[in-house]
Amino acid sequence: MMSLWMKLAGSALVVASTAGLGRLSARPYAERVATLEEWLRLLRRLATLIEWKRMPLREAFGEVARGSPRVGAAVTRFVQELNARDEDFLSVWRRFLDNIPQLWEDDRAVLDELGRTLGRSDVSHQREQLQAAERELERLIAEARWQRQHEGRLGPALLTAAGIMLAIVLL
Amino acid sequence: MDPWSYLPNPWRLAVDEVARTRFTTLEEIRFRIGRPAHLYGAGWNQPLRHASLPETVSSAELDRIVGVLTDHSVYARVEELCQGYLTLPGGHRVGIAGRAVSDGGRVATVRQITSLNLRVARAVKGPGEALYQRLTANERPLGSYLIASPPRGGKTTLLRDLVRVLGDGGWRIVVVDERSELAGFGGTGHSGFGFDLGYHTDVLDGWPKPEGIQVALRTLGPEVIAVDELGAMQDYAAVWQARYSGVRVIATVHARSLDELRYRKDFIGLWEAGGFDAVVFLSADPRPGTLQQILWWSDGR
């Protein structure tokens with residue numbers, strides 16, 4: 001009787017851990033979507049602060065950091081590095097992107113391109129650049145949602161199924 | 001803060017290590033492509049040398065310096081750049097030389113920057129009081145005045161101190177500070193300004209002179225309006241409007257003598273109609289702010 005309970009408990013543990021591993025494997029997909037969505041909101045707010053208030057980037061990023069739970073800490077560090085007034089903008093910007101691991105290579109490429117032009121021209125050109133980046137982010141978000149929907153479900157399903165199979169074998 | 005504090009390293013570090021005796025009298029730094037950065041002080045000048053500095057200033061380095069000075073936000077400073085300058089917090093001026101990019105006959109931006117000139121703005125207390133005493137001697141009431149001098153003659157410094165004296169003396173003054181030089185917007189101390197302009201003084205920072213004067217007249221009820229560097233026809237028209245409204249105006253202009261001013265139609269119209277009670281001429285010799293002559297309207301035109 002005792003050994004049956006042990007087997008059941010062991011099997012439950014195996015299923016739970018494989019399901020957990022499955023969820024873990026899906027996490028990057030979900031985090032990418034959430035991070036890109038936050039970036040999109042951030043850029044829209046940034047556009048307002050640049051266009052309407054002509055707020056310098058340091059202040060504008062300081063402002064948008066407050067409403068951005070995922071990237072807020074990295075934005076704050078970025079602002080601090082800009083405050084040091086020692087480096088060119090692009091170097092600081094690239095380090096900032098490095099501090100956001102949830103971004104994938106394609107996402108980084110779009111934001112890196114934005115960093116090359118951010119702050120370097122008048123308001124109308126800034127608006128165009130930000131709108132172009134927003135369009136790219138929207139495309140990436142659609143892509144990331146699709147991946148979350150499909151690839152992001154495959155891993156958990158396979159791992160959970162493997163766990164169940166292992167449990168059956170154990171029993 | 002000194003203007004040098006806004007430079008990126010290694011320039012900031014190099015200026016910090018300039019000999020104390022010279023540092024305290026340092027007035028400006030000039031960066032020119034292909035030459036070493038150069039320091040200018042009261043009666044001296046020398047190249048800026050430091051182990052960490054490049055031998056000469058490169059174009060890329062100038063771009064980096066401008067990037068840092070504009071807070072990496074050119075869009076916020078385009079109006080200033082188009083006029084060939086930047087104002088740093090505290091009222092310090094950065095002159096910019098480069099190639100103008102025109103759009104429809106108007107300068108749209110400046111590219112290929114070839115030189116920069118960072119000039120410190122310092123408050124000098126005392127000459128404003130002395131001038132006020134002279135202008136109001138023999139129970140003469142406070143009037144409208146034009147302070148004239150060649151560039152670097154000390155007129156902005158004198159106007160700033162005169163505003164402080166009047167502001168502390170109970171006059172309600174509005175300063176229309178188009179280039180943020182008079183009040184030093186964004187400086188540390190004095191309610192967000194770099195300079196003390198007196199207790200009863202309000203500042204319209206960044207307003208073009210004509211619009212600023214109109215807003216002052218409509219909404220701030222000033223007894224005196226102070227503006228720096230009259231130049232365009234619209235500036236003189238705005239001064240006219242203020243004078244018609246019974247408000248005194250104290251302004252500055254680039255000119256060495258009345259003869260030089262006589263070539264400017266806008267000035268002559270205003271002067272002959274009594275728009276200014278006196279023109280105060282300053283000289284940079286032996287030092288900036290030296291009072292050369294006060295020409296009273298009542299003494300003949």
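Colleague: Which residue is the bridge partner of Ile147(B) in β12(B)?

Modeller: Val280(B) is that partner. Bear in mind that this is a predicted model.

Colleague: With which strand does β7(B) pair over five bridges?

Modeller: With β11(B), residues 248-254, again in the parallel sense. There, Ile147(B) has Thr252(B) as its bridge partner.

Colleague: Which residues of β7(B) lie on each side of the strand?

Modeller: Tyr145(B), Ile147(B) and Ser149(B) are on one side, Leu146(B) and Ala148(B) on the other. Both faces are covered, and every one of these residues is buried.

Colleague: How should I read a nonpolar core, and which residues have the most contacts inside the largest one?

Modeller: In soluble globular proteins, nonpolar side chains tend to be buried together. The largest core here has 42 residues, and the most contacts inside it belong to Trp39(A), Leu43(A), Phe61(A), Phe78(A), Trp93(A), Phe96(A) and Leu118(A). Of the contributing helices, α1(A) gives the most, 10 residues. Beyond its sequence neighbours within four places, Phe78(A) touches Phe61(A), Phe89(A), Val92(A), Trp93(A) and Phe96(A). A separate core of 34 residues includes Val18(B), Leu62(B), Val94(B) and Leu118(B).

Colleague: Is Arg12(B) buried or exposed?

Modeller: Arg12(B) counts as buried because its relative accessible area is 17%, and the cut-off is under 20%. This residue sits in α1(B), residues 11-16. Its side chain makes a polar contact of 3.2 Å with that of Asp86(A).

Notes:
Residues are numbered from 1 along each chain as its sequence is written. Chains are lettered from A and ligands numbered from 1 in the order in which they are written. This is a predicted model: local features need pLDDT of at least 70, side-chain atom pairs count only at pLDDT 80 or more; totals for chains, interfaces and linings use all residues. Side-chain values use heavy atoms; hydrogens and water are left out. A nonpolar core is a set of buried Ala, Val, Leu, Ile, Met, Phe, Trp, Tyr and Cys residues joined through side-chain atoms within 4.5 Å. Buried means under 20% relative accessible area, exposed over 50%, partly exposed in between (1.4 Å probe, protein chains only). Helices (H or I, at least four residues) and strands (E, at least two) are DSSP runs, numbered from the N terminus. Contact means heavy atoms within 4.5 Å. A polar contact is a pair of N or O atoms within 3.5 Å; within protein, one must be able to donate a hydrogen and the other to accept it, and residues adjacent in sequence count only if both atoms are side-chain atoms. Two strands pair if DSSP finds at least two bridges between them.
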